[in-house]
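Please read it next to the sequence and the coordinates.

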Amino acid sequence: MTTLETIFFLFFFVPLVNLVPTIKQKSSNYYEYDTDIFEELQDYEDKSQDAIKNKGKDGMIVSPDSNIQLALQRDDSVPKVPPTKDTDLPTCLLCVCLSGSVYCEEIDITAIPPLPKETAYLYARFNKIKRVAVSDFADIPTLRRIDLTGNMIEEIEDGAFSKLLLLEELSLAENKLIKLPVLPPKLNTFNANYNRIKSRGIKANAFKRQANLSYLYLAHNALESVPLNLPETLRILHLQFNNITSITDDTFCKSNNTRYIRSRMDEIRMEGNPIILAKHPNAFSCLKTLPVGAYY
């Protein structure tokens, strides 16, 4: 029986095995990389780094390898622009320009900036302006108000304001002035509080032709006397905290005209001065109210 099984297996199964096609297996190919290539790449990188270190003055980068020369030209197409200071900016970028008004407050400018032609109101308070020149306002006849409070102004050129025929308000308070500038003819309000102005720094006719001046502020200065020729239009006069020691019957009134009344004058302040006002009773006979100050 065993012999029959063996014969059956040999004649039946062996031919079937031979009929099945053989399955080819992919052979694994192992490649041997040439180590010389990596050595060349590493050598090339080292040379490139040396070339960058040896950069020439003309901006060229040259490889030390005589066979390979790399030139990287610096891009000079964009011109160098120097850093811009705030004070070099156009006025309406440095300041605020709005409907004829220019606001240049607390920006540390040292001079009056160029103003637009139509400027009517200039506010340049609390800066570091030291000087006012004629050229600052020569081309701006439309100015009606100038406020230079809180600067360091020591000098104002003759004629800096006198040609501004529309100027109505001028403030030079909190500066370092020792004399008054020539004032424009239509000025209504003038403020020079907190300066160093002495009586010799005010000309005798400084206010004589001021036909519209109503408010005059000269407090906290070094005046030894009340300014002369005060205009009839004056309503408010502040002279407090100066060094005024005397006044005359003609300071506010007219000694040769007992009927004269200074009807527009509403307030005179003279406190903080050495003068005793009670010693000069005739000096106030034309006033509606007595000045504020020491009477004894």
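How many cavities of 30 Å³ or more does the structure hold? The structure holds one. The model is predicted, so local features need pLDDT of at least 70 and side-chain atom pairs count only at pLDDT 80 or more, while totals for chains, interfaces and linings use all residues. Residues are numbered from 1 along each chain as its sequence is written, and side-chain values use heavy atoms, with hydrogens and water left out.

**Cavity**

- A cavity is a set of points, on a 1 Å grid over the protein atoms alone, where a 1.4 Å probe fits but cannot get out; lining residues have an atom within 4 Å of a point.
- The largest cavity has a volume of about 50 Å³, a volume being the space filled by probe spheres set on grid points joined across faces, edges and corners.
- Its lining consists of Glu 154, Glu 155, Ile 156, Asp 158, Leu 177, Lys 179, Leu 180 and Pro 181.
- Four of these lining residues are nonpolar, four are charged and none is polar (nonpolar: Ala, Val, Leu, Ile, Met, Phe, Trp, Tyr, Cys and Pro; charged: Asp, Glu, Lys and Arg; polar: the others, Gly among them).

**Pockets**

- A pocket is an open set of points with protein on both sides within 12 Å along at least five of seven lines.
- The largest pocket holds about 340 Å³ of space.
- It is lined by 21 residues, of which Pro 227, Leu 228, Asn 229, Asp 250 and Thr 251 are the closest to its centre.
- The lining of the largest pocket divides into ten nonpolar, six polar and five charged residues.
- The second largest pocket has a volume of about 260 Å³, and its lining residues include Leu 180, Pro 181, Lys 203 and Arg 209.

**Aromatic rings**

- There are three aromatic pairs (rings of Phe, Tyr and Trp, the last by its six-membered ring, with centres within 6.5 Å; stacked under 30 degrees between planes, edge-to-face over 60, tilted for the rest).
- Tyr 103 and Tyr 123 form a stacked pair, 5.0 Å centre to centre with 5° between the planes.
- This pair links distant parts of the chain, 20 residues apart: Tyr 103 is in strand β2 (residues 101-103) and Tyr 123 in strand β3 (residues 121-123) (strands are DSSP runs of E, at least two residues, numbered from the N terminus).
- Tyr 123 is buried at 11% relative accessible area, whereas Tyr 103 is partly exposed at 33% (buried is under 20%, exposed over 50%, partly exposed in between, with a 1.4 Å probe and protein chains only).

Terms used
Helices (H or I, at least four residues) and strands (E, at least two) are DSSP runs, numbered from the N terminus.
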